[in-house]
Amino acid sequence: MHPSFVPPRQVKIGDAASFVGITPRAIRHYHQMGLLAEPERGSDGRRRYGYEEMIRLLWIRKMADAGIALVDIRDAVAHSAPGDADSNHDVAGVLERLEETLVSQEAEVRRQRTAVQRMRTQGDRMGLLSDFVTSRLTSLPEGSLRPADLDNLLVIERIFGPLGAAVNAGRYVALATHPGLREQSDRVDAAEEALDDTIAVDDPRVALVAAERYTFELMLNALIEDSGLAQEDDALFDAWDALHPATAEDEACQVSGRGKGP
């Protein structure tokens with residue numbers, strides 16, 4: 001038979017802290033917060049901690065290790081002795097709220113990991129776009145899209161949403177797969193950039209560059225139509241509607257003539 005454990009009647013704060021695995025400073029903090037009533041001092045002016053205080057300290061330590069905030073521990077158990085039914089009920093409520101918080105945090109961590117994995121797999125710029133947008137770009141040869149193309153799509157997605165960016169991606173698909181068209185696009189872009197604030201509005205170069213841009217856009221739109229990219233745009237709208245079916249509120253807005261807000 002092993003002898004039963006008989007704890008000492010009272011111990012000093014340092015011994016109490018050492019037994020629980022915390023510091024005397026932590027115990028003093030518990031006193032200040034109201035987590036633990038401050039015991040009376042002995043004739044030597046030192047605090048003495050008995051068995052009930054040690055149990056309370058173990059409670060606080062274990063619950064804090066589980067991630068429960070000290071203020072929640074105080075609200076749940078500060079005014080109850082270990083073993084009280086009311087105390088157990090309060091602790092159960094705290095644990096339930098803690099579990100809900102942890103579930104939410106786990107979901108957020110999974111979302112973050114998914115985002116990081118996408119950026120590692122697809123590249124830091126491509127991975128910043130939503131799946132709905134990148135699904136139209138992943139079939140392109142590696143390196144055919146410029147970083148500026150992906151940056152533009154990121155801005156477009158921010159303004160017009162994934163559907164707007166996915167439709168606009170057809171433009172970059174056409175440029176990426178037709179080098180001659182890409183070269184002409186670069187020339188028009190450079191000509192527009194050369195028209196800085198020093199150029200007057202009625203300067204003939206303004207009209208010339210505008211004509212070049214108009215001609216280029218006609219060529220680009222014709223290529224998008226001929227290559228089947230326009231039909232892909234129509235399919236994108238169908239896919240978006242399938243992913244985001246209309247709600248009763250949307251249908252009511254259509255009946256009343258009110259469009260759904262952005």
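Residues are numbered from 1 along each chain as its sequence is written, and side-chain values use heavy atoms, without hydrogens and water. Because the model is predicted, local features need pLDDT of at least 70 and side-chain atom pairs count only at pLDDT 80 or more, while totals for chains, interfaces and linings use all residues.

**Exercise 1. Find which residues form the network that salt bridges with shared partners join together.**

Solution. 
- Start with the term: a salt bridge is a side-chain nitrogen of Lys or Arg within 4 Å of a carboxyl oxygen of Asp or Glu.
- Now take Arg 213 and Glu 217, whose closest N and O atoms are 3.0 Å apart in a salt bridge. They are four residues apart in helix H9, so about one helical turn separates them.
- Helices are DSSP runs (H or I, at least four residues), numbered from the N terminus.
- Put together, the network joins Arg 171, Asp 189, Glu 192, Arg 213 and Glu 217.

**Exercise 2. Work out where the partners of the Arg 125 and Asp 151 salt bridge sit in the chain.**

Solution. 
- Check the distance: the closest N and O atoms of Arg 125 and Asp 151 are 2.9 Å apart.
- Then place the partners: Arg 125 is in the loop between H5 and helix H6 (131-134), and Asp 151 is in helix H7, 26 residues apart.
- Finally, look at accessibility: Arg 125 is partly exposed at 33% relative accessible area, and Asp 151 is partly exposed at 30%.

**Exercise 3. Describe the lining of the largest pocket.**

Solution. 
- Count first: 17 residues line this pocket, and Gln 122, Met 126, Glu 142, Gly 143 and Leu 150 lie nearest its centre. A pocket is an open set of points on a 1 Å grid over the protein atoms alone, where a 1.4 Å probe fits, with protein on both sides within 12 Å along at least five of seven lines; lining residues have an atom within 4 Å of a point.
- Then find the helices: H5 (85-122) and H7 (147-177) each supply at least two lining residues.
- Last, sort by type: seven are nonpolar, six polar and four charged.

Notes. Ala, Val, Leu, Ile, Met, Phe, Trp, Tyr, Cys and Pro count as nonpolar, Asp, Glu, Lys and Arg as charged, and the others, Gly among them, as polar. Buried means under 20% relative accessible area, exposed over 50%, partly exposed in between (1.4 Å probe, protein chains only).
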